[in-house]
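Hi everyone, thanks for making time for this. I have one structure to walk you through today, so let me put it on the screen.

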Amino acid sequence: LASAIKRAYNIKDFDSLIPGHGGFMDRMDCQFLMLLCTNVHYRTFVQAYDHLSQNDLLEIVRTMVPESREMFLAKVLEE
């Protein structure tokens with residue numbers, strides 16, 4: 001994105017705004033990329049399990065292989 005903007009305006013770099021940091025637009029590209037990655041991670045791994053009901057959890061435990069289920073139940077019962 002930064003390269004396209006720099007080419008369109010025939011600017012070598014925006015490094016005078018934040019000296020020593022590789023240019024302002026390069027910094028903003030990094031922030032946009034991190035925003036995208038954080039959003040994808042949240043929607044994939046966090047938000048999907050926000051509203052699990054008791055029945056949902058029981059179904060997950062039922063689908064575990066017997067060894068994993070026993071280990072999980074032992075951990076739950078020891079607390």
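**A salt bridge and its surroundings**

Let's begin with a side chain: Glu 59 is partly exposed, with a relative accessible area of 42%. Before going on, please keep in mind that this is a predicted model.

So what does Glu 59 pair with? Its partner is Arg 62, and the closest N and O atoms of this salt bridge are 3.2 Å apart. Arg 62 itself is exposed, at a relative accessible area of 53%. As a general point, side chains of opposite charge can pair when their charged atoms come close. Here the two residues both belong to helix H3 and sit three residues apart, which means that about one helical turn separates Arg 62 from Glu 59.

Now let's step back to the overall fold. The protein has four helices and zero strands, so reading along the sequence gives α-α-α-α. The protein has 79 residues, and 8% of them count as buried. Its accessible surface is about 7,000 Å², with carbon and sulfur atoms accounting for 61% of that.

On that surface, there is a nonpolar patch I'd like you to look at. Which residues make it? They are Tyr 49, Leu 52, Leu 57 and Ile 60, and together they form a patch of about 370 Å². Take Leu 52 from that group: you'll find Leu 52 in the loop that runs between helix H2, residues 24-46, and helix H3, residues 54-62. Leu 52 has a relative accessible area of 33%, so Leu 52 is partly exposed. Patch residues need over 30%, and Leu 52 passes that cut-off because its value is 33%.

Thr 38 lies in helix H2, and a polar atom of the Thr 38 side chain is 2.8 Å from the backbone oxygen of Met 34. Is Thr 38 buried, exposed or partly exposed? Partly exposed, with a relative accessible area of 47%.

The mean pLDDT of the protein is 81, and 75% of the residues reach 70 or more. Where is confidence lowest, and where is it highest? The lowest is helix H1, residues 2-8, with a mean of 71, while the highest is helix H4, residues 66-78, at 92.

That's my tour, and I'm happy to go back to any of these spots.

Terms used. Residues numbered from 1 in each chain as written. Predicted model: local features only at pLDDT ≥ 70, side-chain atom pairs only at ≥ 80, totals over all residues. Heavy atoms only, no water. Buried < 20%, exposed > 50% of the residue type's maximum accessible area, 1.4 Å probe, protein only. Areas by Shrake-Rupley, 256 points an atom, 1.4 Å probe, with all protein chains shown as cover. Patch = residues over 30% accessible without salt bridge, like charges linked within 9 Å, V, L, I, M, F, W, Y side chains within 5 Å. Salt bridge = Lys/Arg side-chain N within 4 Å of Asp/Glu carboxyl O. Polar contact = N/O pair within 3.5 Å; in protein donor to acceptor, adjacent residues only side chain to side chain. pLDDT = per-residue confidence, 0-100.
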